[in-house]
Amino acid sequence: MAANMYRVGDYVYFENSSSNPYLVRRIEELNKTANGNVEAKVVCLFRRRDISSSLNSLADSNAREFEEESKQPVVSEQQRHQLKHRELFLSRQFESLPATHIRGKCSVTLLNETDILSQYLEKEDCFFYSLVFDPVQKTLLADQGEIRVGCKYQAEIPDRLAEGELDNRNQQKMEMRVWDPDNPLTDRQIDQFLVVARAVGTFARALDCSSSIRQPSLHMSAAAASRDITLFHAMDTLQRNGYDLAKAMSTLVPQGGPVLCRDEMEEWSASEAMLFEEALEKYGKDFNDIRQDFLPWKSLASIVQFYYMWKTTDRYIQQKRLKAAEADSKLKQVYIPTYTKPNPNQIISVGSKPGMNGAGFQKGLTCESCHTTQSAQWYAWGPPNMQCRLCASCWIYWKKYGGLKTPTQLEGAARGSTEPHSRGHLSRPEAQSLSPYTTSANRAKLLAKNRQTFLLQTTKLTRLARRMCRDLLQPRRAARRPYAPINANAIKAECSIRLPKAAKTPLKIHPLVRLPLATIVKDLVAQAPLKPKTPRGTKTPINRNQLAQNRGLGGIMVKRAYEAMTGAGVPFSANGRPLASGIRSGSQPAAKRQKLNPADAPNPVVFVATKDTRALRKALTHLEMRRAARRPNLPLKVKPALITVRTPGPLPTPSHPASTSEPIVLED
């Protein structure tokens, strides 16, 4: 019963999505709506996953400084990873949420130097915060309300001086005595002097024009003169004059007139007092924000002094009574029963109805966090196409703390900046900038690019898993389908099982000798073909020997008919490929003919499909056609029944039509 009873000031979990982690909020008010539902006005607290990466790095530096100052014990990498899930960031953002979305209680405390961070991991539903996040300004600042507890806030007690030893400390920095309880005056004499001081203060306010306007009546002036500021001035006067009443009387009323002592209640105007009450309603006792947003012309000491004097007035008592009446009309607590509905992310076991969440998951998948294979209940986690899942305990951890128990590759620490980088790991612009064939101007352009590059670096365990678990991975199939996801955790788990057995018979790994990058770049520069410059909008006649030109030529060659490729008196080879001697080029004026380097022109290759090859293509299945396309260098194995037997005879001699003497024009 008490666990399901939620009161104002409790830190609770709110669920806004079935797949996302809980929201951590603090209940400020419980209001009942017109339709009978209960809404909670809450203060927002943010996790590390809710802020930007730049603010995360700022939080990391603040955590390192805290560990150094408080001398925290050394923790493991997994504990450090889990401590990031326990850290929250306070904010001043309010929102209203339905009370029925509450999923439990938690504890949030302000971190101080006496706390040990590892103790937060030993307690369930326990969080801490030390920084304040502003969702509007996107800033992260230290909390001003920290409790000054620790070794650096303790007073240093000096050693006691011996008899006759001189005090060498700076007396100006020491405290000054303002009242001696062993003075020669009696209590009656002191009270009489204080009455005289109040009378002098009332007379001084009557003479002051500004005070007579603020306190037009006599009793208001007398009440103002009876404040503590007048009594403190009278007692200081007695101390300075050696408790001589005659000298003290003359000090109260000097030659220029009576001394007027006013405190902050008299110095502040009515409009400034109204601004202070409005700011106090909005920010509470955060005097820094009150001064910054409402009263920038006042000092912080003046605002604090006015606050404690304002609490002694009738205005404060009236506001306190109004707030108490409003609090009585509002709800103080609400009972929310335990949420027992099944989560939509639950993976239904085999044999469930089709279309339910979890149907279609592969067998043998492990938990993404703890890599276990046995659990009473599984939950789908992450993108649907990845088919990732979590066990029951890891799912509860994910919902409460917003992360996984063990760090993943995406959450792992990046490589240190001091680690030397090899040229094989550089991006293409960086590799070109290091190339000896790149000029300084091009290098400056490449360095000026602000593109984020990435690389995929395989570990030794991943390379071993590719060879040990070839039957599960199927690298050829995975290479042909790069878009299909691969369950890396299942392969690694199987590799860890097979690795001890395979250690007795080590694999034969042939080292691959790679040429240096400078040699490859030099070869590419030497073999790079020249790109001919063709004016736009002009027709360029080229020879048939130039049909297989490089990609620098504009236009796309379409498929030509068989009749367009045959000519009279041209011998053909057995595979249907025409000989080079039968191909002729058209004649064009020298002004329109394009000049190309003969060394850059590739060998002409034209494949003509015959009737036999067309019939063979129709006889092949779709799977055999795909295999032949993926391996064009291997001979095609065809069943004997599909091969048609032809009687040997002389090859026909096709004749070229008259149109073959004309040039083929490619339009850009």
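Exposed means over 50% relative accessible area, buried means under 20%, and partly exposed is in between. I use these words in that sense below.

**Entry 1. Lys 71**

I started with backbone angles in this predicted model. Lys 71 has a positive phi of about 55 degrees, although it is not a glycine. I looked up its place and found the loop between helix 1 (53-70) and helix 2 (77-86). Is Lys 71 buried or exposed? Its relative accessible area is 72%, and because exposed means over 50%, Lys 71 is exposed.

I then checked the loop between helix 7 and helix 8, where Tyr 243 lies. Tyr 243 also has a positive phi, about 60 degrees, and is not a glycine. With a relative accessible area of 10%, Tyr 243 falls under the 20% cut-off and is therefore buried.

Asn 241 sits in the loop between helix 7 and helix 8 (245-252). I computed 19% relative accessibility for Asn 241, so this residue counts as buried; the cut-off is 20%. Which residues does Asn 241 contact, leaving aside neighbours within four places in sequence? I noted Lys 247, Ala 248 and Thr 251.

**Entry 2. The cavity**

A probe the size of a water molecule, rolled over the atoms, shows where empty space is left. The structure holds one cavity of 30 Å³ or more. The largest cavity has about 70 Å³ of space.

I listed the lining: Ala 197, Val 200, Gly 201, Arg 205, Thr 230, His 233, Leu 252, Val 259, Leu 260 and Cys 261. By class, six of these residues are nonpolar, three are polar and one is charged. Which helices each supply at least two residues of this lining? They are helix 4 (187-207) and helix 7 (228-240). Helix 4 gives the most, with four residues.

**Entry 3. Leu 30**

I looked up Leu 30 in strand 3 (residues 23-32). Its relative accessibility is 1%, so Leu 30 counts as buried. I left aside neighbours within four places in sequence and took down its contacts. They are Tyr 6, Val 8, Val 38, Glu 39, Ala 40, Lys 330, Leu 331, Lys 332, Gln 333 and Val 334.

**Entry 4. Helix 12**

I asked which residues of helix 12 (residues 300-310) are buried. The list is Ser 302, Ile 303, Phe 306, Tyr 307, Met 309 and Trp 310. I then looked for what covers these buried residues. The cover includes helix 9 (264-267), helix 10 (270-283), helix 11 (287-293) and helix 13 (314-329).

**Entry 5. Pro 485**

I found Pro 485 in the loop between helix 19 (475-480) and helix 20 (488-502). Its relative accessibility is 43%, which means that Pro 485 counts as partly exposed. Not counting residues up to four places away in sequence, Pro 485 touches Asn 385 and Met 386. The C-alpha atoms of Pro 485 and Asn 385 are 7.4 Å apart, and the two residues are 100 apart along the chain.

**Entry 6. Whole chain**

I collected the totals next. The protein chain has 23 helices and 13 strands. Of its 668 residues, 28% count as buried. I computed an accessible surface of about 47,300 Å², of which 55% belongs to carbon and sulfur atoms. Among contacts with a separation of 6 or more, 65% come from residues 24 or more positions apart.

**Entry 7. Confidence**

The chain averages a pLDDT of 75, and 71% of the residues score at least 70. Where does pLDDT stay under 50? One such stretch is residues 537-559, for which the model has 39 contacts beyond four places in sequence. Another is residues 561-593, with 58 contacts beyond four places in sequence. Where pLDDT is low, the predicted coordinates should not be read in detail.

Methods: Residues are numbered from 1 along each chain as its sequence is written. This is a predicted model: local features need pLDDT of at least 70, side-chain atom pairs count only at pLDDT 80 or more; totals for chains, interfaces and linings use all residues. Side-chain values use heavy atoms; hydrogens and water are left out. On a 1 Å grid over the protein atoms alone, a cavity is a set of points where a 1.4 Å probe fits but cannot get out, and a pocket is an open set with protein on both sides within 12 Å along at least five of seven lines; lining residues have an atom within 4 Å of a point. Grid points are joined across faces, edges and corners, and a volume is the space filled by probe spheres set on the points. Ala, Val, Leu, Ile, Met, Phe, Trp, Tyr, Cys and Pro count as nonpolar, Asp, Glu, Lys and Arg as charged, and the others, Gly among them, as polar. Buried means under 20% relative accessible area, exposed over 50%, partly exposed in between (1.4 Å probe, protein chains only). Contact means heavy atoms within 4.5 Å. Accessible areas come from the Shrake-Rupley method with a 1.4 Å probe; for residues, only the protein chains shown count as cover. pLDDT is the predictor's confidence in each residue, from 0 to 100.
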